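Here's a quick briefing to read with the model open beside you.

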Amino acid sequence: MSVPAGWEPVIGIEIHVQLATRTKMFCGCALSFGDPPNTHTCPVCLAHPGVLPVLNREAVRLAVITGLALGCAIAPRSEFHRKNYFYPDLSKAYQISQYDEPICIGGRVQVLTADGEFEVGITRAHLEEDAAKLVHAGADGRRAGAESSSVDFNRGGTPLLEIVTEPDLRTAADAGAFLRQLRSTLRGLGVSDCNMEEGSMRADANVSVRRAGTTGLGTKTELKNMNSFRFLERGIEAEIARQVEILEDGGEISQETLHFDPESGEIHSLRSKEEAHDYRYLPEPDLVDIVPDRAWVEELRAGLPEVPVDRRRRWMRDLDLNFEDAEVLAEPAELAGYFEQVAAASDAQSAANWVRGELRAQLRERGEEPWESLVTPTHLAELIGLIDDRTLSVPLAKEVLADVAASGAAPRAVIEEKGLGQISDEGELVTLVEKLIADNPGQAEQLRGGKDKLVGFFVGQAMKATGGRADPARVGELVRERSGLPPQ
Ligand SMILES: [Zn+2]
């Protein structure tokens, strides 16, 4: 779906990411997903009176490395606020969050797509705690029409990082591309598993539209909690269409929070949008400010790993890989490392083709990942080399690969053992070449007339006839000799 003519959408995204710490944000309870309800709780995350929160240092570290990777400044001082509201999943009746002094400020991200790059500003990223989880009984687990609702406090107090972008996005597809790259970056940093289905990454989109060519901002709405990239893109598209229709009919957009139903494709209003003052933010008196040591921040900066998007850019530039190959191979890091070792010892494009294609296909059947398999990068590079020097045809190489995967033996050892290698018997090759010349009189005639290029034709025929087992160099020599051409 394209953008309606005459209109320009303005889109910003807010992403909540559960940080991959061992314990919760302000207590020692273990993080969990899928464990029996209310088995990871304590007086702090149940909000008993008189308890005091203690900040999780690892959550701060993960926030700082995320900020650095997104080009943000790390605030020399940031503080926590209480965001007051009542909801059954929030036993304190306030959420500890960061308000006007977030830990990460003002970053920029270059989003790499098949059609080039575009830039998205990062307004801020701040730390907060997750709410507990409401489990609705009946009505298919949805809140509307539920017979009863229970609260599972296992999730309550999970460390969250909320990342907010500038309204720099103009299409639903760009929003999807940004979010995909962000997920790959966060995973590459080890900050979160970003599993959208399990809710460890959740995205809200702020959407408004304006007349093309104007610069003011229209009234925005917020699409809540879309739990897949596809739904996010479809939800944004539906909301753009809804707003344009209202405005073209002379109506006005009201600022509200919306839900996109992926099944019906419809948008429903959840509530009118709150303003910051509705939350009565006040500084959290039980926590000290975060004042990161500058040397520590610089240490974290120096230790940032190469994230997948940087790897993709480097491969597209240095190895001449296309966007798709680079995207598929750049993560997880184990796969990227495996590919790089193969590419270093063979041709990069062949390495990409084999790792993406045949290797993964064969290993999938065995239930193995390349880096855990018996096929080492050295083995695969050797195999590619054996195709390049025409020791093996591609079908034979696939057969050899299956043996390597099963036994861990080197390709050359497999070839020797199974007798798949080159024909070493000179008499056999001579007979073969003479037969090929007799069978292809037209080409043989042109060859004798000096058309050198046809040597390759006969070599190809010989490889075909022997299932790749003829020595191409020796066949070439024999063909020249038998056709009266001078040796090369
Ligand atoms: Zn706890």
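Predicted model: local features only at pLDDT ≥ 70, side-chain atom pairs only at ≥ 80, totals over all residues.

**Helix packing, a pocket and a helix end**

**α9 against α11**
- The angle between α9 (residues 377-388) and α11 (residues 411-418) is about 60°, and their axes are 9 Å apart.
- On the α9 side, the contact uses His379, Glu382, Leu383 and Leu386, while α11 brings Pro411, Arg412 and Ile415.
- Sorted by class, the contact residues come out as four nonpolar, one polar and two charged.

**The second largest pocket**
- This pocket holds about 320 Å³ of space.
- It's lined by 14 residues, and Arg180, Gln181, Arg312, Glu327 and Glu331 are the closest to its centre.
- Elements giving two or more residues to the lining are β5 (104-113), α2 (172-189) and α6 (323-329).
- α2 supplies the largest share of that lining, with six residues.
- Charge shows up a lot here: the lining has seven charged residues, along with four nonpolar and three polar ones.

**Helix α15 and what follows**
- In α15 (residues 472-482), the buried residues are Pro472, Val475, Gly476, Leu478, Val479 and Arg480.
- The cover over those buried residues includes α12 (426-439), α13 (441-448) and α14 (454-465).
- After α15 comes Gly484, which has a positive phi near 75°.

Note on methods
Residues numbered from 1 in each chain as written. Heavy atoms only, no water. Axes fitted to C-alpha atoms, helices over the stretch in contact; angles between N-to-C directions. Helix = DSSP H or I, 4+ residues; strand = E, 2+ residues; numbered from the N terminus. Contact = heavy atoms within 4.5 Å. Nonpolar A, V, L, I, M, F, W, Y, C, P; charged D, E, K, R; others polar. 1 Å grid on protein atoms, 1.4 Å probe; cavity = no way out; pocket = protein on both sides within 12 Å on 5 of 7 lines; lining within 4 Å. Points joined across faces, edges and corners; volume = space filled by probe spheres on them. Buried < 20%, exposed > 50% of the residue type's maximum accessible area, 1.4 Å probe, protein only.
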